[in-house]
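Please keep the sequence and the structure open while you read.

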Amino acid sequence: MSRNAKETASRPPVPAAGPGESPAPAPPPHALRARIRSLGPSMTRSVQAVANAVATDPAACARLTVSALAEHTGTSEATVVRTARLLGYPGYRDLRLALAALAAQQESGAAPAVTVDIAVDDPLADVVAKLAHEEAQTLTDTAAALDLTQLAAAVTALATARRIDVYGVGASALVGQDLAQKLLRIGLLAHAHSDPHLAVTGAVQLRPGDVAVAITHSGTTGDVIEPLRVAFERGATTLALTGRPNSPVTRHADLVLTTSAARETQLRPAAMSSRTSQLLVVDCLFVGVAQQTYDTAAPALAASYEALAHRHTAKPSPSGV
């Protein structure tokens, strides 16, 4: 099968919306600016103009009609509505309500948000409860939306791969290391690359029968996209693990696994819930591969446990304490 035919057969259908314009769950008013910052790189210039306007002066924009805001930003009414939907609101009316609420919140002097739901002055017990709830919801959303056909194909590709390269930077690098070490322990040849130069160097050596995995929540990380593109051009099977199913990284992916669109925070964009959802998908891949390769995976895993057992035995200190 040619590379183009392979791509057409294996890639999921592309949504009708343009890149970066898939709807996301509506953020609470105080998280609107963080949502705009996180989606900014994938916005078209006209959509970005509207988004920047509402983020800069929510009170003024809340008083504008859709046509007035379009005129104010030098765009069109359709662009204003499209921006509202991209930010997670059913229509412009809902965005105006959120802007009015945000303006009122700013005027009242309410405590600033550390994350989407957590304020600076929240008690620690509330922080624990809110984070636990958000993490659980992220896992539920990711599991519900996971494409099982794509997941099964990814499992088979990994289970039969000659070599597996995993790319990720920042928080996603930690997830990539987790996937690679899991696969190593069941006898597969897997490498995690967080250095973009080494990632590209390794990708050049890949060929059909190998697998390259790119992990990027935004789907726009150039240091991850570049080695995946190289691996794709070399004929390796390519897998993208991302929170944005129509982002640039998917252009070079035979298979795409989508995680829950984690709610961004001012404290640390995309590093909390997004990493949790990525780790869930990694565990699904690992267990699926272990099932398919059980005859070799089980002995390999047992051997790794045995080899490391002595490192988990406490040794007395020289002083005897």
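Is C284 buried, partly exposed or exposed? C284 counts as partly exposed, because its relative accessibility is 28%. Buried means under 20% relative accessible area, exposed means over 50%, and partly exposed lies in between (1.4 Å probe, protein chains only).

1. Basis. This is a predicted model: local features need pLDDT of at least 70, side-chain atom pairs count only at pLDDT 80 or more, and totals for chains, interfaces and linings use all residues. Residues are numbered from 1 along each chain as its sequence is written, and side-chain values use heavy atoms, with hydrogens and water left out.

2. Overall make-up. The protein chain has 14 helices and five strands. Helices (H or I, at least four residues) and strands (E, at least two) are DSSP runs, numbered from the N terminus. Of the 321 residues in the protein chain, 44% are buried. Take the contacts between residues at least 6 apart in sequence: 73% of them join residues at least 24 apart. Contact means heavy atoms within 4.5 Å.

3. Cysteines. C61 is buried, at a relative accessible area of 2%. C284, by contrast, is partly exposed. The disulfide count is zero, where a disulfide is a pair of cysteine sulfur atoms within 2.5 Å.

4. Helix α3 against α5. Helix α3 spans residues 45–56 and helix α5 spans residues 66–73. They pack at an angle of about 105 degrees, with their axes 9 Å apart. Axes are lines fitted to C-alpha atoms, for helices over the stretch in contact, and angles run from 0 to 180 degrees between N-to-C directions. The two helices are therefore roughly perpendicular to each other. Angles under 35 degrees count as roughly parallel, over 145 as roughly antiparallel, 65 to 115 as roughly perpendicular and the rest as oblique. From α3, A49, V50, A53 and V54 meet L69, H72 and T73 of α5. By class, this contact has five nonpolar, two polar and no charged residues. Here Ala, Val, Leu, Ile, Met, Phe, Trp, Tyr, Cys and Pro count as nonpolar, Asp, Glu, Lys and Arg as charged, and the others, Gly among them, as polar.

5. Helix α3 against α6. The axes of α3 and α6 come within 9 Å and cross at roughly 75 degrees. This pair is therefore also roughly perpendicular. On the α3 side, S46, V47, V50 and A51 make the contact; on the α6 side, T79, V80, R82, T83 and L86 do. The classes are five nonpolar, three polar and one charged.

6. Helix α6 itself. In α6 (residues 77–86), the residues T79, V80, T83, A84 and L86 are buried. Seen down the helix axis, the buried residues of α6 fall within an arc of 165 degrees, so they line one face. The arc is that of the directions from the helix axis to the C-beta atoms. After α6 comes G88, with a positive phi near 110 degrees.

7. S277. This residue lies in helix α13 (residues 273–292). S277 is buried, with a relative accessible area of 0%. Leaving aside neighbours within four places in sequence, S277 is in contact with T138, T142, T259 and S260.

8. D178. Look for D178 in helix α10 (residues 171–185). D178 counts as buried, at 18% relative accessibility. Not counting residues up to four places away in sequence, D178 touches L279, V282 and D283. A192 is 14 residues from D178 along the chain, and their C-alpha atoms are separated by 8.6 Å.
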